[in-house]
Amino acid sequence: MSFGIQVNGRPFDTEPRAGQCLRTYLRERGWFGVKKGCDAGDCGACTVHVDGEPVHSCLYPAVRAEGRSVTTVEGLASRDGELHPVQQRFLDAQGYQCGFCTAGFLMTTAALEAERGSAQDDGKLDDLPRAFKGNICRCTGYRAVEDAVRGVKHTERPCAGKTVGRNVGAPAGPQVVTGTARYTFDVEVPGLLHMKLLRSPHPHARIVAIDTAAALRVPGVVAVLTHEDAPDTLYSSARHEHPTEDPDDTRVLDDVVRYVGQRVAAVVADSEQAAEEGCRRIEVTYEELPYVTDPEEAMRPGAPVIHAGKGPEVRIARVENNVAGEVHGEIGDVEQGFAEADVVYEETFRTQRVQHASLETHGCVAYFEPKDDSGAGTGERLTVRSSTQTPFLTRRALCALYGLPEDEVRVVAGRVGGGFGGKQEMLTEDIATLAALKLRRPVKLEYTRAEQFYGATTRHPFTIGIKAGARKDGTLTAVRMRVVSDTGAYGNHGPAVMFHSVGESFAVESVMDELARRLGMDPLVFREKNIIGPGESMHSPIGEEEDLHIASYGLDQCLSVVRKAIAEDRSAEDAPEGWLVGQGTGMAMIATGPPGGHYADARVSLLEDGTYDIAVGTAEFGNGTTTVHKQITAGALNTTEDRLTVRQSDTDVVRHDTGAFGSAGTVVAGKAVLLAAASLAERLRTLAARHTGVARHLCVLGAEAVDCAGRTVTLKELHEAGHALGAPEELAADGHWGGSPRSVAFNAQWFRIAVDPATGEIRILRSVHAADAGKVVNPMQCRGQVEGGVAQALGATLFENVRIDERGEVTTAAFRRYRLPQYADVPRTEVHFTETSDAIGPLGAKSMSESPFNPVAPAFANALRDATGIRFTELPVTRDRVWLTLDRKARDIGRQTGRV
């Protein structure tokens, strides 16, 4: 048949494949602004216009577009390059973070605006929860999206030398809103092969035999890889600066599988369809083995041993008891503390599995490219383009796994579509590299959304038994905790997550609130009596962390913000009649970087045209570090951000960078950038003095030139002078920071909520968050980080839950079954920053990526306790769970009063 379609005004006549969706048809023709987030019509990242109507192109058959006009985000702007008004508003408001979902919001908004005043206008733009019911954002918390739609401008123009406290727009903003920002798979690689994985249907089994003959006969299949092709080397998929933090318990492909969904074989073909068919044709003979899915049962004598036969060299704490890591300790006399208490409270709290759910799934492309002219020699080297937060650590792991020298491997991350710690992991690069090395051809592996749920990692579920005591005056006397973290079948991130107390805020802050109530005290007063204070040292059962200091203190200000909100609040008046109303607070403290060292190198250079280049290793995935690094550099060099370019997240760029995790983007990489920029500023002043003969102290560095006692030396001229004087090394400077010493950041969250006792529905009447982020370099971005953290935490508090059945199989492997927060679910949180300046962080700044998440669940649980009189001890507090608990309470009261 003949086929014709117009895409952004250009004709295409290639017929789509049988069953092909419009999304893949468009991407295969270079329209990379059309994103894959779910392939199920759940997230909206693939939204395009067909004859002006917004559609989810992942569900829309390409053949239906025959004879129609399709517009992608790349086609919104006018032909002369002028942005569409909606694109401009999203740019001005910075209505995005990672930007992976932004095209979907832009296309939806533009279509609704085009309907304004027409017969099709049904008022959706006045009802954004309804307008965006088909769009998901994992990063922003939606406030920035709302501001963009409403035309609220936040970004400011560059201003030389002014760094801290300015809302400089993200450098990639124009590319994000036009669909030209290049994420992992937004590249064309000639001769690309596609990989698909066959995964285990069993929770624990030994592979007896694999027959790949039928798979290899599928047209287009090039290779099938099994455990016989994989190295015997054991490693951890987790990426930390020190590999010994995690057990080495994993093989690329193993002859024993230990969870439903573990990879068994990899099929490489010239199309995804052929690779998928190849997987279906593989015949595997399994010997099923005993399995265990409950962590308490796993530690009991006689339980199936998941990693039987592995020795102490793999660093599993107790192989025979399935314990990946453990820590035990005591400070003081705990029993004596309980004896001195006037009130003791004991309870067990549970948190659930939560998927990071970045809209860009895990994936990479591994290929060979010619070596450059940097002295690496002739021939080819391996390049891995990956959606990763840790390119340098991933390169190190690949080299160790396959015995490759580091100069033979390059790992690079494009723009990363969300990470949230989930991409501090090597889940695809290892096996894609195996295929590339064997075939010497480029290989792509991109997880589906379902694979993201059963083949990637989650937040670990925690069971926290806690007992605490206090005197009548509110003084804590003792706390005892037993914490069990379920790491699943493998120990990646297990010890590190447990040692860093992730998951315990919900339990501890709930208990503090309960003790205060039982003492008849104001929960804020109780906290203020027991919180750590400025200058105090910090101890834990594993000892004192000597490099951890309270280098600035804003917790008192955070609690003052909450106290003021409570005093002034009138939101209870908005609660429907008959609903239960309550308020609650939670607080948290976090180190501004991981222990044991977190390293970053940076280089800042003056270029030939008089602009500057910043080279830094950390990745950008909506965390805003690129903007902050430009602001820091602009301040040190007394220039403007538009005169700076950034090269990043590429192992070719700098010597080393531990990675963008542990909230280290500002306090570690930013510190390295500041040191490099400040050093370069001094070098340029010295060079200008040498060039002009003017005393160095009279040479003042400006935005585009150096003022040498009235003589203007442009930066371009200064660059030429550096070479003429034989001092090109003075045109660049390096900075290094090792992540130590470290400071701490503080956060407090407060909610007022209303609960319908008849249905269990909960409405958030008001949300207030106070953050001690030190000197806030970019308030707009930092506020976005807080809002996004609160939104994610609300998802984990209210409904997110990776459910597994009795065999350990995931039953929520799609967004519509997993339930991410949507626009209608997230309140507009009021964000307040304290007035502090950190003595350690760059320019007085502290980290603020992970920490806003931590106080949200306990604050919500405390508000729910205040409203209902019931202490909820398990997350998520879903509507049905709330209703069932309230109904049970009502029935109990009825029986006690004789009314039932």
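Where in the structure is Cys101 found? In this predicted model, Cys101 sits in the loop between α2 and α3.

Cys101 has a relative accessibility of 6%, so it counts as buried. Leaving aside neighbours within four places in sequence, Cys101 is in contact with Ala45, Ile136, Cys137 and Leu359. Another cysteine, Cys43, is 58 residues away from Cys101 in sequence, and the two C-alpha atoms are 7.9 Å apart in space.

Gly44 is placed in the loop between α1 (22-27) and β3 (47-50). Is Gly44 buried or exposed? Its relative accessibility is 1%, and therefore Gly44 counts as buried. When residues up to four places away in sequence are not counted, Gly44 touches His56, Gly104, Gly134 and Asn135. Pro158 gives a distance across the model: Gly44 and Pro158 are 114 residues apart in sequence, and 33 Å separate them in space, C-alpha to C-alpha.

**Helix α5**

Helix α5 covers residues 143-150, and six of its eight residues are buried, so the helix is largely enclosed by the rest of the structure. The buried residues in α5 are Arg143, Ala144, Val145, Asp147, Ala148 and Val149. Which elements cover them? The cover includes α2 (85-93), α3 (102-114), α4 (128-131) and α21 (779-798). After α5 comes Gly151, which has a positive phi, near 80°.

**Salt bridges**

Side chains of opposite charge can pair when their charged atoms come close. How many salt bridges does a search of the whole structure find? The search finds 71 salt bridges.

| Pair | N to O distance | Accessibility, partner one | Accessibility, partner two |
|---|---|---|---|
| Glu28 and Arg29 | 3.6 Å | Glu28, 44% | Arg29, 23% |
| Asp127 and Arg130 | 3.3 Å | Asp127, 31% | Arg130, 31% |
| Arg440 and Glu380 | 3.7 Å | Arg440, 48% | Glu380, 43% |

In the pair of Arg440 and Glu380, Arg440 counts as partly exposed, and Glu380 is partly exposed as well.

**A buried lysine**

Lys630 lies in helix α18, which spans residues 625-637. Although Lys630 is buried, it has no salt bridge. Which side chain of opposite charge is nearest to Lys630, and how far away is it? The nearest is that of Asp642, at 7.5 Å. A salt bridge needs a side-chain nitrogen within 4 Å of a carboxyl oxygen, so a pair must come within that limit to count. There is a backbone oxygen at 2.9 Å from a polar atom of the Lys630 side chain, and this oxygen belongs to Leu644. Leu644 is also among the residues that Lys630 touches; the others are Pro171, Ile614, Glu641 and Val646, not counting residues up to four places away in sequence.

**Pockets and cavities**

The volume of the second largest pocket is about 960 Å³. Its lining is made of 35 residues, and those nearest its centre are Thr24, Glu28, His194, Glu272 and Lys444. Elements that give two or more residues to this lining are α1, β6 (193-199), α8 (272-281) and β17. Glu28, one of the residues nearest the centre of this pocket, is the partner of Arg29 in a salt bridge from the table.

How many cavities of 30 Å³ or more does the structure hold? There are seven. The largest cavity contains about 70 Å³ of space. It is lined by 14 residues, and Thr592, Val667, Trp737, Pro741 and Ile840 lie nearest its centre.

Note on methods:
Residues are numbered from 1 along each chain as its sequence is written. Side-chain values use heavy atoms; hydrogens and water are left out. Helices (H or I, at least four residues) and strands (E, at least two) are DSSP runs, numbered from the N terminus. Buried means under 20% relative accessible area, exposed over 50%, partly exposed in between (1.4 Å probe, protein chains only). Lys and Arg count as positive and Asp and Glu as negative; His and the chain ends are not counted. A polar contact is a pair of N or O atoms within 3.5 Å; within protein, one must be able to donate a hydrogen and the other to accept it, and residues adjacent in sequence count only if both atoms are side-chain atoms. Contact means heavy atoms within 4.5 Å. On a 1 Å grid over the protein atoms alone, a cavity is a set of points where a 1.4 Å probe fits but cannot get out, and a pocket is an open set with protein on both sides within 12 Å along at least five of seven lines; lining residues have an atom within 4 Å of a point. Grid points are joined across faces, edges and corners, and a volume is the space filled by probe spheres set on the points.
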